[in-house]
Structures are given as structure tokens and as C-alpha cells.
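Hello,

Here is the structure we talked about. My notes follow below it.

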Amino acid sequence: MSSSAADSSAARLNSDVRQRHPTASATSENVEDTPQQPEADAAAPRVKKTYGKTPDGTVFVVPTTHDMVTQLLDPREPKNLSDVAVLAIIALHFLAAYYLPWSVKRPLFAAVFMFWRLAYNVGIGYLLTIQSKYKLLVTWAKRWKLFENPATGKNPRPWLYILLKKELETKIPQDYKFEEAPIEYNTWLTFRRVVDLILMCDFISYCLFAIVCAHKPEGEGLFMGFARWAAGITLVGFNLWVKLDAHRVVKDYAWYWGDFFYLIEQELTFDGVFELAPHPMYSIGYAGYYGISMMAASYDVLFISIIAHAAQFAFLVIVENPHIEKTYNPPQPRVKCELEAGSQLQEFASEYSVPSATGRHDNTPLPVHNLIGLKNLDFFRITDVAIVLLSAYLAVVTMVTPNTRVYQALFVLHALAWRLWYSFGLGVILTMQSEEKMFTRHFLKYGESVGEAWRQWKGIYHLSNCLCHASFIAACYKMYEFPADWTYGWALLKHVVGLGLIALQVWTATSIYESLGEFGWFYGDFFFDSKRQLTYTSIYRFLNNPERVFGTAGLWGAALITWSRAIFLMALAGHFLTLAFLAYVEKPHMQKVYGRNLRDDAGVTKFIKRSLPPPVTEWQQSIDKVLDETKHFIDEFVEAARSRLATGSSTIVKDTSALFNKYPARLTLSKISADLAGYDPKHYGLSLAGTRVVGTNEKATGKESPNARVLKDVKTQAFEYGAPIRVKWTAPAKHSKKDWVGLYMVTDNRSREVTEVPSLGRWVPTNPGEYDTTTDQGILLWDQPTEQKSEDTDLVEGEMIFEGDKLWWTQGVFEFRYHHGGGHHVMSISEPFEIQIPKLDDEHMGVEISGEVGERAVEAALLPVIRNCLDRDPDIAPSNADERFGGHVERDGKYARRVVYAIRHMFGIDFAPAVVLADGNVRRLAWRICHAKEVLAPFSMSHTNGRTTPIDSKFSV
């Protein structure tokens, strides 16, 4: 893969909680302690402060704090009651390890460690998630009045206030006053004490489990024992350096997830360990686990280490990454420039060989129908069908043939042939494409476009890639022998390490694809004059060519698992061919295209060079000089032989998503609340207001119209798809403050008294501040006096709005239900209403959709629908047909799914969500719709095109 994904500025990392750049919402940094000082103190050193900012805008001085180990174990640091409690619990762990019998220690400490690990990853993860989404930890502190000064008379627990004050002020003797600090900061300090307990006990229990499992393997020699302990100590020492260096960079603020509570202004330079690996705290920061496993010589310790490490990665993906994306990497503002949109439309039309107004063709492809990944598997595409059939054929042949030496040799040679074609054959094609545009010229010769050449190349490369790896897996299967005894020798360890190397290659390939996209994965800059900037992001921040180091790790992992000489030779050949491909195919082209924009050293290389002593640096420079001279010699030799290789290269080229969205209705035996007595449903009411559907009168076409279905005085309201709906409610003045209103499909509930199905998030409380795990978004008015009168009780009214994710993004008949007191007892049900998407075709629009007039009509009809699909948010939804959609559309796939659903029901055209992302504005979507309708016109049964071709709805495109 061409490394066209990289950013030379390596100072910022927004993809790791230990790599956050907390500069987004702060007010000041490094301000002097006293802005005015007497002349006598002018020479005194300046004391610098860091300022933080809470979500409500409060600015405060962030005091200096110390790390957990220093606070607990350094006798010079002040101690408090929580420190004593943590040390006492740790002492209990040591006492249990010393006094309990050996038969009990191993299972007990395994259970204890898993308890603390779950407390870390699940417990702390849950607290951080609800704090990130709802600020719930701060809400609890406010509700319980933990930090309310007892002098106000509002604190029900003065003793707890005094205890917290003493605990926190003891730890921070300077620049901190408990009464003056924001509640967010005090909540974070209290949260830290819980984290200290969990992290310390997690580490101690793991070490004690390793101690009780440690033993010396039978038959281990002196040299092997020394090597095992030396490697283990080295890994533990490396782990310690990673933690210390990471803490040096991020300080306590990021170490304890401070940005879940408040933000600070602090420039961080991500050097040291942050140049070695992504997410260093969670990747190489766990190397010590495997070092301890080596010293303990225990598979039990190794497996529990792997489980703990995997749980930590899950914590990163589920808890930290979403918060990082939300806080430090929000979607970019929507582009409103009409000129840019016009140029993008020209680029869009060129892919379909449609000349722009200026006659210019910009051939940069738009990625719509991707190839990589199971989610993109399409059995209507020849490449995917060929891959599935050939892989199935290969699997069947592998299973039915015997494991004799002849067949083993055949499968190894077969895998080697595919590897040679994949690295050498495709490398020759790419080299000739880079120098002479050979592949593109072939298709231009037959009147095809550059886009067609690009699509055919992607198919060839993808097919070759899949079969290269499938043939290697088949060869490994033939050479593999199931161990008779997993405990004998290195059998189990080989499998563990081998699977780890395979996982490393899978992760590397995934990271490369996420960074480069399909354009870079398939070497798009060999085919198009890309205007993309060369940036170094993701895995390319650390390595210039990840494939050189980790791209073939899975081959060596398979060699370890099979323990076969043939597979070892295959791994060696694959690694060598990969290095040759990078050196003689990719690198020359990158230098030609990007020139001086290519960097010399990646993050890891820079770190290693800075860490080397001067004598080693000089020796390394000498070695580099020798390698450069050798490379020049080989380059000259290859150049001399290139003409011979090229003569035969032309013969190488050949052409070859509904589950139920809710679980089966969960019957709930509802018990009427004790406080329900005295509430009369007749005092409750709901009324609706929304954007009504404006469409043609279907009676004129001979079709049944919605108004003709039933004769009644009150007509069923029909609202636009995705348009906000306002709900006004009426209730007694003494109604429960935890009442709420939910939106349901009419057919979902059999009972009119009790709601039987969950709301799936489509609900709004009547009063703000009553629920913890939801925002009050949607509440407009509450408990307002009403003009309606009741003889029995006083009434109040309120208003709320359902929009965005609160709506059902489908057509149907719906109703709102008013529920009492946080339960599911129904007090009122609204009039049913419909959500409709008006069907638009030549008959309804009055013009033919094809042609410029038709395109403008489609744009006019499509724009309000798309604005609804994009929540009418000015940062996302366009105001005209030329404006691009906001960055949220690419970030969250729900918007594209809404749009394609609407297009399918409006025009009968079924697009993939990727089309919405690729087009990017209404005009391009309208052009695509008209183009599709024009292609399908002969199969339409409209009056305009005649009724000669019958069609069933299941054939809608």
C-alpha cells in the first residue's frame, strides 16, 4: 500500500486518552502567580499556573497534584484516611498470600485479580461513560449536596463534607481551597481516590497471583533459566519506563481522565514513548505482564495476562475513544462555498464520462462501492463472486485431498506461485503503470475510460490478495499436525505466540486501510494525479512502511504454529518479496510523486536515533552508507535487466444487510403505583403539531387517496418524514415530576392502559432534571398555568419537541403516550398520525424526471427531505442544492441510511448509503437519481413511457 497517509507534525495524538491534546476549551495558560511583584522580588523565579474551565464556563486555577505511587508510598507526602484504607486493603492481600494454604491461593488470587480488573474496566468504564454522556457523577454530587457548605444549612451530611474537605486539602496543601474549587474539580478529586484503590489493588493482586503460580519448569537448564529471567526483567523494566515517561507527558490530568470533568489549557509535546506506538499506555504499556509471565513460567499467568490486556483494549475502544472523538475531534464545519460545490459536481460527472460545462474531466474517483471487508461483499459483482467461488473451491480441495508429501508439496508450491504473482507480477504491472501508464493505455486503446482501468485494476489486485492469503492458509492446513500433548515442550507457547503475530498482522492491515482508504490501499496515485496532501496519521505516525515490520507478522505466526520448514521458507520468501516490493515498486513512485514531501525518519526511528550513544550513531551512519552503495548497485543491475522483464509482462495481465429492532414483546406485569390514586386520566391530554405532507391529489390518478380511506370528521394527520413534531400535554398541577411521553407505532402495544414495549430512546420527560441517564433536550415548556378549567383539580400544561433520534425513521402510523411517575402506566394517548414520504415520478411532478428541468424538479423535492434527514441542523443540513453536507454525515452512518430510505420511497431507486457520502450534496444526488431513472425508463409502467413492460415492486432498483 502506498503510504499516502501521514502528517509530518507528530506533536499531537487525538486517538489515545494518554495522547489527548487538551487545548480546546481553556482560557489561559502559564500565567504568573502574581501579576505585579515588588522590585525586590523581581529576580525570584516565576511560579506558573495552569487554568482550567468547566462546562459552564467557570475558570479556576488547577493545583499541582502528585501521582498515585508517590502519594501512597512516599513518607514525605501527607497521608489521610483514604491512604490508610488503601494500604490496609493492600496489606490484606499480602497476608492472604502468606497465610492461606497453597491449594487455595491460586484460584483465590485469580478470582481476586479478575474482580479488580472488572472493577477497573467495567466499573470505572461505566462511571466514565455516564460522566461523558450525561455528566452524571457531577449531577450525583449536586443532588447529594456533597460539596455544599454546611454553613448554608442545605447540607444534610455535614460530617461527610468535613471528611471530604480534610481528605482533599491534605493531599493538595497549595493553591487549593475546598470551598472555592468548582464542583467538577472536587468530583474529579473524589473520583481519583476510588481509582487509586482499584488500580493499586489490580496491580498487587496480579503480582501476587504470579508469585503463587511461579515455578521452575522441569528440565530447564541454567542458560534457559537465565535467559527467561533476563527477558522478563527487561520487559518489566521497559514497562516501568513506558508508564513513567507517559506520566511525564500527560501528567495527572489525563492519567486520571480529567477531561471527562473539565478542560485545561496546556501544550503537550508528545515525544518519548508516544513516538514508539499508538496508545502506548494500553499497547506496549502492558509488556510487563508478559515479562512477569516469563519469570513465573506459568501458562495460567500468561492467559490471565492476555485476558486483562484484551479487556484494556476493550476499555479503550468502548469508553475512551468515543469521548476523545467527541471532545477533541468534532466533525469539521460544513462547507458553504457554491464554487467548490460546482467544481465537485464537475468531478462527479467525469466519473460517469459526462463532460462538464467547460469540457474538463477530473478523473479522481469517488469511492462508492468499496471492495474491502465482508460488509462490502456483493454477489452481483464479478470480483466478489470469483473470490467466493475460488476460495470455496480451494477449501474443498484442501479438505478432501490426503496429507501425503506429494499433496503437501503441491499446496506449498501453489501458495508460493500466488505469492510470486502477488508481489512480483503485480509489482511489474505497477512499475510499468508508474513509468508509462501501461495499464491505463491498454483500456484507452479500446475506448474505455481511466475509471474503467482503475476498476479493473482494483478487481485484479483484490482477487490476487485474497487468493494469495487463501492459498497460504491451505498450505498451512496441510502442513499442520495437531499436538498430541499440549503440555509437552513448546507446543502451547508456539500457538499463543503464533496467534498473537497473526492478530498483529490483522491489526496492521486494518490500521493501514483505515488510514489510506481504498484509494491508497489499491495504489490510486499510480493511476490518478492525486491532489491529496501527504499526511502521516494513524500507524504511519510511527512507521513509514508498517508492512516492512508488521505486514508479514502473520506469516511468521503461521510458521510457528505449524512448525514446518516449508512454511518457514514460505514466510521468509513472503517477507523478502514484500521488502523488495516496497523498495523497487512503491518507494520510487512515492519519490517521483511526492518528492521532498516524503519524510526520512518515522517516529520510532527518530526516537531510537536520539537514544543511541555517539559511538553507536557513528557506526550506524557507516552501515547506512554501505547499504546505500549496495542499493545503488542493485538498482543499476535491475535497470539493465528491466527491458528483458518488460517484454513478457503483457502476457501476465488477465481479466478475471433485518433483525427485530426490539426483542419479542416483553410482557410486563405492571403494578399500579401507590401514588396513582387520585389521578384521573381525563385530566391528561396530548395534542400534536408538525409539518404536514404536501402532495398531489391521488384521486385524479385513479388511486385511493389517504383522505378517501374512511369517512370521518377528524382526518388522520400526515406529517413529513423526519420533520420535528411538537407535543403539548396537559396534566393536573400535582402530577408526578417523573412523568414522560413516549413515541410508539400504533400496532406495537395491545393494551391501552399499560405500555408493553420499550421506547428505545424515543421519549422525553415532562420536567427537567428528574432523570439521570437522559438529557433534557426536547423540553420546551413545563408546568405552565393553562386556560383549561377542571372542576376537580387545577391543570398545567407543557410542550416538548421530538426530533432527530427521538423519531421513528420509517413510514407508518404512530401515537404518543403519556406515562405516569417513571413507569409504564398510560394516562393519555394522542390521536394516531401518519409519517409519509410522498411518491414522486413523472406523473406526480408533471414533468419528465430526465433532462435539466427534471433535475431541478428533483432537487426542489429532495432538498426539504434531506434537510429533515439531517435533523435541520445548520452545521449538517444544506440550505440549497449546492452546499455540501456536514462532516457528521461521514462520521455517523445513520444520516446516510435515512436519506437512502427516503429516496427509495420517493423515486423507487435503491442506493447504498455510501452513495450519499460520495455525492455530498443535493445536486449530485439529484443528478444520480435522474441518471438512474433514465436508465430504468424502458422498464417503467408510467403513462409517459407506456405500459408495455410489466414490473413487480420487488424489482424496484
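Phe439 and Phe443 both lie in helix α13, 4 residues apart, or about one turn of the helix. Helices here are DSSP runs of H or I, at least four residues, numbered from the N terminus. The two rings form a tilted aromatic pair, 5.3 Å centre to centre with 45° between the planes. Rings of Phe, Tyr and Trp (its six-membered ring) pair if their centres lie within 6.5 Å; planes under 30 degrees apart are stacked, over 60 edge-to-face, the rest tilted. The structure holds 52 aromatic pairs.

This is a predicted model: local features need pLDDT of at least 70, side-chain atom pairs pLDDT 80 or more, while totals for chains, interfaces and linings use all residues. Residues are numbered from 1 along each chain as its sequence is written, and side-chain values use heavy atoms, without hydrogens and water.

Phe439 counts as buried because its relative accessibility is 2%. Phe443 is buried too, at 11%. The cut-offs are under 20% relative accessible area for buried, over 50% for exposed, and partly exposed in between (1.4 Å probe, protein chains only). Met438 and Thr440 are also among the buried residues of α13. Gly447 follows α13, with a positive phi near 80°.

Another pair is Trp563 and Phe568: edge-to-face, 5.8 Å centre to centre, 80° between the planes. Trp563 is exposed at 53%. Phe568 is partly exposed at 27%.

Finally, Arg192. Its charged end sits over the ring of Trp188, 5.3 Å from the centre, and over the ring of Tyr256, 4.0 Å from the centre. The test is CZ of Arg or NZ of Lys within 6 Å of the ring centre and within 35 degrees of the ring normal.

Best wishes

How values were computed:
Helices (H or I, at least four residues) and strands (E, at least two) are DSSP runs, numbered from the N terminus.
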